[in-house]
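I opened a new model today and kept notes as I went.

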Amino acid sequence: IKASTLHIPVIIGAVLMGPLAGGVLGGVFGLCSIWSNSTAPGLLSFAFSPFLATSAAGAVKTIWIAFGCRVLIGVVAGWLWIILKKLRVNDLVALPVVGVAGALTNTGLVMTSIYLLLSPEFAAAKNIAMEAVMGAVMAIVAANGVPEAIAAAVLVTAIGKALLQMNRVRAMPA
């Protein structure tokens, strides 16, 4: 599984434009994931490309993993931002919380879906026993998910704060 930072623009878009736009941006991320895993496959690309699936059911599973999970990044981040703003949480607290939540939505949904839907294929690709799949999945979560969440907290806060400030300045009457 390749570490990614593509969830960060999805999260920022969800903060600035709402959960619907965030979901659309997440869908674009998902389509890019399908494209890149289909055109330049790696060891675990079978989990992200319906074109590499061995059955119609496998193709549906990969579309959920590559596309559906990514749409939910923007939806979760957008709704969480709305809730935090209704609770009057300061931007410098809300932005990193939304960043981490969006990143963990990506990692959590993708890796849980791979575990639940594609464990046999994952075990075969990694050449490990079925009993070792959970450990391997958790290792990926630790190696990729934690740094991605930290990066999202920092970058969503820095970029989001600047863009929110620009929007506020632009909205001020002349």
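My entries follow, in the order of looking.

**Entry: what I am looking at.** I note that this is a predicted model. I looked up the secondary structure and found five helices and zero strands. Along the sequence I read the pattern α-α-α-α-α.

**Entry: overall size.** I checked the radius of gyration next. It is 17 Å, close to the 16 Å that the globule rule gives for 174 residues, so I log the protein as being as compact as a globular protein of that length. I also took the box along the principal axes. The C-alpha atoms fill roughly 65 × 25 × 25 Å.

**Entry: burial and contact range.** I looked up how many of the 174 residues count as buried, and the share is 43%. Then I turned to contacts between residues at least 6 apart in sequence. Of these, 67% join residues at least 24 apart.

**Entry: α1 against α2.** How do these two helices pack? I have α1 at residues 7-17 and α2 at residues 19-39. Their axes lie 7 Å apart, at an angle of about 160°. Angles over 145 degrees count as roughly antiparallel, and I therefore describe α1 and α2 that way. The crossing of α1 past α2 is right-handed.

**Entry: who touches whom.** I listed the residues in this contact. From α1 come H7, P9, V10, G13, A14 and M17. From α2 come P19, A21, G22, L25, G26 and F29. I sorted the contact by class and got eight nonpolar and four polar residues.

Note on methods
Residues are numbered from 1 along each chain as its sequence is written. This is a predicted model: local features need pLDDT of at least 70, side-chain atom pairs count only at pLDDT 80 or more; totals for chains, interfaces and linings use all residues. Side-chain values use heavy atoms; hydrogens and water are left out. Axes are lines fitted to C-alpha atoms, for helices over the stretch in contact, and angles run from 0 to 180 degrees between N-to-C directions. Helices (H or I, at least four residues) and strands (E, at least two) are DSSP runs, numbered from the N terminus. Angles under 35 degrees count as roughly parallel, over 145 as roughly antiparallel, 65 to 115 as roughly perpendicular and the rest as oblique. A crossing is left-handed if the near helix is turned anticlockwise from the far one by less than a right angle, and right-handed if clockwise. Contact means heavy atoms within 4.5 Å. Ala, Val, Leu, Ile, Met, Phe, Trp, Tyr, Cys and Pro count as nonpolar, Asp, Glu, Lys and Arg as charged, and the others, Gly among them, as polar. The radius of gyration is taken over C-alpha atoms; the globule rule is 2.2 Å times the number of residues to the power 0.38. Buried means under 20% relative accessible area, exposed over 50%, partly exposed in between (1.4 Å probe, protein chains only).
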